[in-house]
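Try each task before you read its solution.

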Amino acid sequence: MLRSRIIPCLLIQNKGLVKTVNFKDPKYVGDPINAVKIFNEKEVDELMVLDIDATRENRGPNLEMIKNLADECRMPFCYGGGITTVEQAVKIISLGAEKVALSYSALNNISLCQEIGVIIGNQSVVVVIDVKKKKLFGGYDIYTHNGTKKSNWKLNDLISKLEEIGIGEIVINSIDNDGLMQGYDLPLVEAIREKCSMPITVIGGAGSIQHIKDLISKFKTIGAAAGSLFVFKGKYKAVLISYPNREERKPIY
Amino acid sequence: MIGIIDYGSGNVQAIATIYKNLNINYQVITKPENLGKADKLILPGVGAFDATMQQLIDSGLKDKLNELVLGKKVPILGICVGLQVMGYKSDEGDLLGLGWIPGKVSRFDETKIKFKPKLPHMGWNTINDVQNHKLFEGIDNDFGFYFVHSFYFECEKEENILATSNYGGEFTSSIYANHIFGTQFHPEKSHGNGVQLFKNFADLKLC
């Protein structure tokens with residue numbers, strides 16, 4: 001039977017790992033390669049690495065870093081950040097990533113997803129959608145550039161469009177819940193699950209294994225991603241990489 | 001020596017790293033003329049069917065592979081699309097496959113998948129090694145392997161099915177014909193199970 005995936009999400013800034021709160025106040029948490037080595041030992045289901053500065057700094061992906069990470073990864077690896085061309089996406093796959101994640105470049109030019117999919121297969125194309133609750137009337141706005149620019153896309157329209165062209169997965173990232181460790185935005189996930197049949201990975205808010213359990217028990221097969229949960233320990237947020245082992249994971253799936 | 005074929009598809013280094021850590025002799029091979037040096041070959045694959053076949057044709061690897069695998073019976077392990085191209089053809093593209101193992105590559109029937117998400121079939125799934133083959137010795141079938149695909153290999157003959165998995169019904173997740181092997185899943189991204197499978201492939205005594 002296909003299991004849900006519990007996914008550490010690593011944010012890269014200045015070649016180091018950071019963790020944010022509401023997409024702000026990045027705190028340095030360590031070296032990416034070291035983290036990958038630890039996550040190898042923990043046999044994590046999958047790993048997501050996002051370069052959060054690339055788009056904002058208007059630069060492409062750091063291919064050398066991606067190569068170093070992919071060489072080390074014994075688990076599936078999804079890279080996102082700064083990908084704007086088919087060539088970059090193909091290169092990243094050839095370096096050993098299973099999936100490439102697009103955000104701004106996909107929202108700006110949805111056909112880029114299709115152009116990349118023709119070469120690397122649609123199953124390896126991931127779109128990350130950063131959302132924030134609207135202040136007054138309910139619903140969500142979509143943001144790009146690490147939460148600094150509001151997109152014109154309406155969430156429902158974007159989901160329908162991505163479903164229509166057929167991509168591998170959407171990653172739905174709650175800016176409101178990021179780093180707070182208070183649980184996922186389940187109503188948001190529910191609304192999206194109803195709209196589409198492609199795989200969903202959820203990130204933003206996981207603060208305990210119970211939060212992950214809650215998500216999986218509600219949505220059955222889903223990707224449960226987390227940053228803080230797997231890099232911090234205790235209420236003072238000491239940096240310590242952790243992940244449930246094979247036995248501890250069995251009751252969660 | 002295990003020859004890992006590098007034709008621009010991904011995951012070559014991940015496989016190389018595994019063999020390096022196992023202290024098993026390997027070489028990453030890009031040129032057709034070097035394929036003959038290997039005792040066993042690995043054909044990795046991340047990508048679409050036509051793009052993969054086109055690269056094999058353009059690089060001259062296809063003809064050399066046919067010569068070695070069909071003529072000289074060099075053992076080979078195909079991974080993901082590297083397995084799919086062993087069939088005659090695929091719903092995903094127009095080009096013909098290598099045709100080493102009787103079968104074609106079909107898209108999962110979404111109407112049979114009674115839950116969401118539907119496609120791609122992506123994540124960790126269990127396997128059932130129906131032949132009890134040495135390739136799967138020491139593998140934890142319940143921990144399983146990592147998959148990411150929307151197309152699967154439909155064997156014409158049951159004897160070519162090495163393992164099955166379930167996703168909206170049973171499908172073939174590993175194939176073989178004597179010295180030719182393929183896995184739909186990614187052993188290079190499947191932790192200890194994958195390492196074990198690569199070790200088993202290196203250890204296989206085939207005649």
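**Exercise 1. Find the core.** Which residues have the most contacts inside the largest nonpolar core, and how many residues does that core have?

Solution. Keep in mind that this is a predicted model.
- Step 1: the largest nonpolar core has 140 residues.
- Step 2: those with the most contacts inside it are A:L47, A:F77, A:A97, A:V100, A:V127 and A:A224.
- Step 3: as a background rule, nonpolar side chains in soluble globular proteins tend to be buried together.

**Exercise 2. Zoom in on A:L47.** Setting aside neighbours within four places in sequence, which residues is A:L47 in contact with?

Solution. 
- Step 1: count a contact when the C-beta atoms lie within 7 Å.
- Step 2: on that basis, A:L47 touches A:I7, A:P8, A:L10, A:V36, A:F39, A:C73, A:M75 and A:F77.
- Step 3: one of these partners, A:F77, is also on the list of residues with the most contacts inside the core.

**Exercise 3. Take helix α5 of chain A apart.** Which residues of α5(A) are buried, and what covers them?

Solution. 
- Step 1: α5(A) runs over residues 111-120, and its buried residues are A:C113, A:I116, A:G117 and A:I120.
- Step 2: these residues span an arc of only 105° around the axis, so they sit on the same side of α5(A).
- Step 3: their cover includes α3 (86-94), β6 (99-102), α4 (104-108), β7 (125-133) and α6 (155-165), all of chain A.
- Step 4: just after α5(A) comes A:G121, with a positive phi of about 90°.

**Exercise 4. Size up the two chains.** What does each chain contain, and how does its radius of gyration sit against the globule rule?

Solution. 
- Step 1: chain A has 10 helices and 14 strands. Its radius of gyration is 17 Å, close to the 18 Å that the rule gives for 253 residues, so chain A is as compact as a globular protein of that length.
- Step 2: chain B has 5 helices and 11 strands. For its 207 residues a compact globule would come out near 17 Å, and the 16 Å of chain B agrees.
- Step 3: 51% of the residues of chain A count as buried, and for chain B the figure is 53%.

**Exercise 5. Look at the contact.** Which element of chain B gives the most to the side that touches chain A?

Solution. 
- Step 1: the contact takes 32 residues from chain B and 33 from chain A.
- Step 2: α1 (12-21), β6 (121-125) and β7 (145-149) of chain B each supply at least two residues of that side.
- Step 3: β6(B) gives the most, with 5 residues.
- Step 4: by class, this side of chain B has 13 nonpolar, 16 polar and 3 charged residues.

Terms used: Residues numbered from 1 in each chain as written. Chains lettered and ligands numbered in written order. Predicted model: local features only at pLDDT ≥ 70, side-chain atom pairs only at ≥ 80, totals over all residues. Helix = DSSP H or I, 4+ residues; strand = E, 2+ residues; numbered from the N terminus. Rg over C-alpha atoms; globule rule 2.2 N^0.38 Å. Buried ≥ 20, exposed ≤ 12 C-beta atoms within 10 Å, placed from the backbone. Contact = placed C-beta atoms within 7 Å. Nonpolar A, V, L, I, M, F, W, Y, C, P; charged D, E, K, R; others polar. Core = buried A, V, L, I, M, F, W, Y, C linked by C-beta atoms within 7 Å. Arc of directions from axis to C-beta.
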